Every structure is written in structure tokens, then in C-alpha cells.
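Dear colleague,

Please find below the structure that I am handing over to you.

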Amino acid sequence: MSKRLWRRLRALVKRGELDRQLDEELRYHLEREEELHRAAGMSHEEARRAALREFGGVTRAKEECREARGVRLFEDLWQDVRYGLRTFCRKPGFALVAVLTLALGIGANAAIFSVVNGVLLKSLPFPEAERLVALFETNESGRETAVAFPDYLDWRAGADAFEEMGARMPAGGVLTGDEGPERVTGRYVTASFFRTLGVRPAAGRFFTEEEDRPGGANVLVLSHELWLRRYGADPGVVGRAVTYNGASWTVAGVMPPQFDFYGVNSLNNQFFIPLGQLSDQKWMHERDSHVVMVTARLKPGVPLEQARAQLEAVAARLAGQFPESNGGGGVRLRSYLDDYVGEARPALLMLMAAVGAVLLIACANVANLLLVRAAGRRKELALRVALGAGRGRVVRQLLTESLLLAAGGGALGLLFAWWGVGALLRLAPDALPRTESISLDGRALLFTFALTLLTGVAFGLIPALQTSKADLNDAMKSGGAGGGTNTGGRWLRSGLVVTEVALSLVLLVGAGLLLRSFWQLMRVEPGFEARDVLTLRLRLPDGKYAEAEQCAAFLKEVKRRVEALSGVRQVSLATGFPFGRASELGYRLEGRPEPRQPSDLPDAYAQWVSPEFHRTLGIRLLAGRYIEESDGTDSPQVALVDDDFVRRNFPGASPRDALGKRLRFGSEEDPWCEIVGVVGHVRQSGLDEEGRPGIYRPWTQLRRSMAVSALRAMDLVVKTSVEPTRLAEPIRGEVQALDRDQPLGNVHALAWYVEQTLAPRRFSMTLAAAFACAALALGAVGLYGVLSYTVAQRTREIGIRVALGARRGDVHRLVIRQGMGLALAGVAAGLLASLALTRLMSSLLYGVSATDPGTFALIALLLLLVALAACYLPARRASKVDPLIALRCE
Amino acid sequence: MGLDKRTDLLQQGTLELLVLRLLRTGRLNGWDIMQRIRVVSGDVLSITPGALYPALHRLEERGLVKAEWASSENNRQAKFYRLTPVGRRQLEAERETWERFAGAIEAILRDA
């Protein structure tokens, strides 16, 4: 093989020499023949002609000899490229349209692929990250929960499919010291956590098992980012003591840079402290306190199924042993990557499919252009065949031309993609994971290259085969460029247009459904007024604020000072707010049967709030009263519930009927409290949440045992009369005037939180709509192009019709009918395809079915209208045909 | 290529086999081979130089024959072809195949 390649290369290099030899060889033959004929008595001239005749085509024989040597391939390629470029230059309009269309398709694909590659495909920054799995428990109703710490310990001891297993829990507090106060969030982690991930410290070390126990030394690990920013990358920080939540902690080590555990920018990666130190706490022993998150590393070669079976066996054993807490519970495992980016996957795959469809439409369009163009070149091609070019040769030439177009499209597309990736990153919601690994990298370039080649063949092959099949005689006879159409070509063009229309329809329906979902979501009544509200978190270090009274006094003073600021209308304090945070607690209603176990209690979102809370957020009062200043620590225990609570617990009753009833939260220490008011339901975690009822209690009536920890992390909810974020700095000033060491965290307008929950949908909807519009435009152009071409082809026929008395209207209708026939066929096929395909995106929809008849009908109508517009111009042109000119021009 | 493409393909193998057979006894130039084919096959196989030369070049490209320039009988430079060892093996193999094929055809024709 290599020998042959060598011969070919040599043939290429010594082309001139070999050609001379070939000439020489054939001349020798002809001369010998001539001599033979002359010997038989022919004249000089006769003998020469006879020899040539008998030879049977010297030029062609030479061509074939060259071909046999393999030179041809390279020579022809170069020739085709030059020829192709020349033809493009002669008609730059065609080439420009084709290249731009392709660049659009290829560029969009390369850009979206870069995102898919960065988010879903690129390997994670841990050694053998594919062995990492996320573990969860499930409760009786099959819902996924965090893991109870004792269960985690049993899993770790009882399943040998895992090499290591680590647990973690969110941690948050305040760092103080010379560097100033700073609110930081991090994680409690087990010593095994680091081994599970396989990370190495950038400096110092991680925890020892001894430190990961109650009474172990106070050690913490800093994130690389925090080390850089707060400690100026000081290598001496290891071993130094820092003040965290008022206590002294020793820095054991520093994490590697860009530690990407559920997000490089995840705030919970700022620092790490040993989880095991908490294991003497009561809730760390309770099997119904689902408090830790678990990540594990499979042993090499162990499949996920085996690990699942082992954990299920452990869970079953625990269920038998502890029916109270573990009965009916189960386990759930999924790969870390799935757990991390899984939610983004459906939207990204949908976008990839959409953008792929756009490229297909672009290909169909260019193929159509090529077919039309080829029809104009039939004579030229026929001539080439007549001069000895084989069909394969002609196909090759046409393919070279389409590959040239594709290459142009690919190069320009890469430019589009580069720009597109930048735009996508700006547009991407914060909720899109791994955005930092999105770039136009080698794999994306390779993808683009492959796509370009594939595109070139895809849109070039069919026209090339079709054209080269053209009957030679027919083409030569029928004169100029406008020569007779062959039926095959017409069918092909129609088929392509129908496909384009169908694909556009599918994309439009998909985008339409997403749009409807978004619209439905925007119409959802969140139950509160998010405008002009600023929220911020006050986190009091525990050393300094040991008592609840201290905290309360500080908070009241902050509230008083902020209320005095200009631009502030109302200030309230709360343990959380809608779209921010809320505690999920089980509750009991007085007089209702006690469930078998505490975990079966119904859940509610619980907030402890100051009296202004509901007025600040514009939450409606439906019955009774709001929380008042008079609801103090020692006054009767009261609660507000929302109408969802009433609906669930008192079906058919009016809000008023709930007043006077008593409820209490799950814990034994919680007091019974009287329902004194019913307010409107608030969407707590997102517009699309199904929701849990809400229970509100006065912040002054926080249960003693949880008062301090709750009061150390209260949210300030401020209704403003100016743009809310403009108050961030004045408020910070007031707080730090009170306590220099007091950092402010999570300073955001409430509207920002709402937008955060909408952003992922907005992102995929915007892109899908953009792609659908591109598809629609391309489809319309395709339809227009084919009709224009047909009208041009049928000028003579139309002329005859007009000459025979057809009216303008008839001609107009003729063309419109043809175009709309194609459009209708496309719409019908598209509707069928949509019915089959939109089901796949149902997880992305809200409040609209995947086969929503309204959307389908509307989109079909829209498409038909656009098609009608695309038909109009060619139809008008046809109806203006002057029979005299039409007949003369043939 | 023209309409005779199909017949070309059918004959191509035969022609190449024939050329290899002729070269078995020694080196020959294109014209020599042409004359001998005429003698051997009479007018049964209508082989033109236009088909022969590409066939020779194909054989050369495949390494079955080797070409060299030398003086011909009338003292002029001509391109001579000679079997390579690979070509010799190929000839044996092809001949066997051919004989089996021809034998089968003959048997069928006899029976019919």
C-alpha cells in the first residue's frame, strides 16, 4: 500500500516526465502501425489516419493511462478547485448566499456544540471522575431526600462496591480578624470526602481521622480563591489561626485552584471543616434527620447496578431494624456528572436537535440552489461528458464545488461560532453548570470540521448524482440554460422544499410550546409583590452574640436605623422570604390522628417573621389578622397559615373557618399555636413549584432552643421607594456603624431571585425561538426559490396559456396552488413529526401539553401565511408574463 | 465514459490476463503485445490499443509488470514490459481460476 502511495506521489512530482514518456510510448506504437500500413501500400496520409482510427481514441487512452497511475486524483482535484472557484466568481451572488446560509447553520451548530461539550461531555476535573456517584435516600412516598448520618455510616461499612464514601453538609459563618469581617459559606465534610474525590491540597493537608471526631482539633481547609483573595496567597497561612464564628481555627491546608465540586463558583466551596466533630449532636444520631449529602467512589470496574443492589440490601436491613425511621425507605444512586449537570441536559439536547434541524434546512436550501444552478449548467456538463469525462468524474467535480462551498461556510461559520459562544456565555443563566469549561476548543473545532465535510457531501451529493444522470442528448438538443426540466429534478426539488417546511414546522412548534410555557409561567400569581424589594442577610458571629436577647437587640437596632434611611418604605425581619429560603417542617393539627411515624407528618414552609413582613411583600390577608407588635415572646402563641393550608386541611372550608384552630410543628418542644390569620399562598421556591402550604409565626416566638441560631442568620426584607439596589450601600453603612465586624451577605433585589428561577427557561426559549425563526426564514426562502425557478422554467407554457385566453388571475392561482401544495404537504408532514417529537421535551414545558392543539394550529397557520407570502412574488411575476416575449424568447 | 463501459469492464480482466500470459516468455513492448494478441485471438477479442495501453499502465501501477526503455528491433527506443515475481504468481492464480471457470462453462455447454 505504501509502495503504491509512493509511486503515486512520485507520479505527481514527475508528472511532466511521465507524460513525456507516455507520449513517446504511444508515438512508437502509432509509427509502427503506420509503417505496417504503408508496407501494405497505403499513402503516407492514409496510413497515419488508419493507425489513429484503429487505435481508438488516443486522448482518452492517455487519460486512462494517467488515471491508472493515480495522478489523476490530485490533478483533477486541483483542477476542480480552480474551476469551481472560477464559476463561483462568475456568479458571486449564488456562492455568497450558499456560503452565508451554510455559515449560519454550521456556526450555530458549532456554538451549541461547544456548550454541550463543555457542560455534558468534557470530563470532570477529578481523577477517574466517571467512578464518582451521588447517593440519596428515598422516603416512603419515593421522594429523594438527603441522608441520615447513621445511615451513611452503615452504607459505608456495609457496601464493598465503593472504594470510598464521603459526607458533607452546608456550613456558613463569619471570618473576622485583621482582614475584616467576611461572611463565608462552606461545607462540613468528612475526612473521607477528599479521598473520595481524589483531590490533593495545593498547600498543607486535609483532615486526619482524629480531627474528624467530636473534640477533635479545630482545623479548616481554605478554598484556593479565598486564600488568594483574603490572605494574599500567603504560603505561611497554613498552620495559622483564623477566627471563624468567634472561635479560633487552625488552617490545615488550601484546596487546589478551580475546585469544581458542583460548580467552580459554588459559594459552598469557600472553606471546609470536619463534619465528624458534630457527631455527638443529637440529630446526627437520628435516622429520621436527613441532613448529609453523600458522594462515593466506585471501585474500579464495579458497575453502578452492583453498588445499587448492595445499598438496597443495606437499606432493607435498616428498614427491618428501624421500622420507625427507615421503614419504606430506599436508596437512589446516580453518577456525579448526571447529578451535577443532569437538569441542564434536556434543554441542551433540545437545543442541539433544534440547531441540527436548522443545518438540515440550510443544507436542503443549498442543495436546491445547486439543483437550480445545475439545471442551468446542463449543457456545459454534457459537453464535458462528450469530451470524455466519465460520470464519476462529473460527480467528483460537482462534489468538489459543494465541498468548496461547505469549506467557505465552515470557515465563516467558525467565526460566527466564536462570536456565538461569547454571546451564549453572556446569555447563559447562572443555573447553567460548568460554564467555565465552555469554549471553542479542539473537540469543537474537530466537530465543526467533520460537520463541514458532512454538510458538503449532504447537500452536494444528491444534486451531483441527479445532474450527472442528465441525458446527454437531451441536454445538447434542448439548447440554452433554460432547457427542458427533467421530472426527477422537479420531484427532488419539491421533496427538499417539503422537508424544509416540515422541519421548520417542528422547530416552530417546539419553540411555540416553550413560549407558551414561559407565558403560562409569567401569568402565575406568585402571591407577593417582588417590585422594589431589597433583601439581605445579617449573619451574626456566634462568639459575640451568644444570647438570643443580644441578637434581637442588635436586629431591632438595625431595623430602626434602616427604617430611618430615605428611600426606605418598610423594613421587616424574617428567617427567609419567597424565592430565598424557607424551613420545611412537618406539622400537626390539633385533633387529627397522629401518624405512625414523625416523618409522615405533612410538610409546610415555615417562616418566623416580624409584623411588617406580609405588608412589605404585599401578601394578601384573607381572614383574621396579620402578625402584630403585640405578639410578643410571652403573649399567646399564634400562627398565620395560607389558603393552600386551608384547602389541604379543611377541604371546602372558607379561610375564616380555620381561625381559632391550633397547630404545632413536629418537634415535642414546639408549643401549640392558634391560627389567628389566613393569608394568600406564596410560591416559595419557584413559579413552577407545586408548592407546600405556608405557616408564619412571629419572630419573637421562636422556640428557645433554636432562637439563637435562627436569629444569627436573619434576612432583612426592605420595601423601597427607589431602585432597591441603590440602598445596598447606605444599609451596609448603617450596619457597620453598629458593628464593625458585621458583614452583609446575599444583597439582592427580590426581583433578581425571581429572574434567577426564570433564567434557564428564558435561555432555552430565546435560543429555540431564534433557531425556529432562522428555520422559518430559510424555509420561506427555499419555497420562494423553487417557485421562482419553476415560474422561470414555465414562462413559455404560461405565455401560451395567456395567449389562449387564460386571465392573470388564473395564472396567479396556478403558481400559488403549486406553492401552497408544497407548503401544505410540508405542514402535514411537520405536524405528524411534531406529534411524535414534542413528547420528548415535555420535561421542559409548564402548563401546556406537548401536543397542545392551539399551539399546533397557530403555528401551522403562521407557517402557511409565510408560505403564502413566499409564493406571492413568483406568482405575481408569472401573471405579468407577456405572451409575445415569452414565446419569442424560446 | 462511453456506452461500451460495460463491455470494457468485462474484458478488462481478460485482457490483463492475456497480457500477463504473453509476457511470461519474456519482455515485450506495447506494439509487440498488440500484434501477438491479433495473432492469438484472431478477431474474436476486439482489443484496440486504446484499451491495451491503459491496461498495461494499470498492471504497472499494481506492480505486476515492470517497464523499461530499450532499443527495439528497428533500433528505436521503445518501452518494454516484463513480468515481476508478483505478476508471475498472479498469472498462475488467475489461470487456475480461469481454467476452473472455463471448465465449468464448457461442462454446462456440453450437457445442455
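How many salt bridges are there between domain 3 of chain A and domain 5 of chain A? The count is zero, where a salt bridge is a side-chain nitrogen of Lys or Arg within 4 Å of a carboxyl oxygen of Asp or Glu.

The model is a predicted one, in which local features need pLDDT of at least 70 and side-chain atom pairs count only at pLDDT 80 or more, while totals for chains, interfaces and linings use all residues. Residues are numbered from 1 along each chain as its sequence is written, chains are lettered from A and ligands numbered from 1 in the order in which they are written, and side-chain values use heavy atoms, with hydrogens and water left out.

The domains of chain A

Chain A is assigned domain 1 (2-69), domain 2 (80-124 + 345-484), domain 3 (140-328), domain 4 (489-523 + 751-890) and domain 5 (545-738); such bounds come from an automatic or database domain assignment. Between domain 3 and domain 5 of chain A, the C-alpha centres are 31 Å apart. Eight residues from domain 3 of chain A and eight residues from domain 5 of chain A take part in the contact, which means heavy atoms within 4.5 Å.

The size of an interface is often given as the accessible area lost when the parts come together. Buried area is accessible area (1.4 Å probe) lost by two parts on being put together, summed over both. Domain 3 and domain 5 of chain A bury about 490 Å² between them, with 21% of it on carbon and sulfur atoms. On the side of domain 3 of chain A, 67% of the area buried against domain 5 is supplied by A:Glu140, A:Arg143 and A:Glu324, more than by any other three residues.

The two chains

Chain A and chain B bury about 2,500 Å² between them, 52% of it on carbon and sulfur atoms. In chain A, the residues that lose the most area to chain B are A:Glu25, A:Tyr28 and A:Arg32, together 27% of what that side buries. The contact joins 27 residues of chain A with 30 residues of chain B. Three salt bridges are counted between chain A and chain B. The side chains of A:Glu35 and B:Arg76 form a salt bridge at 3.9 Å, N to O.

Yours sincerely
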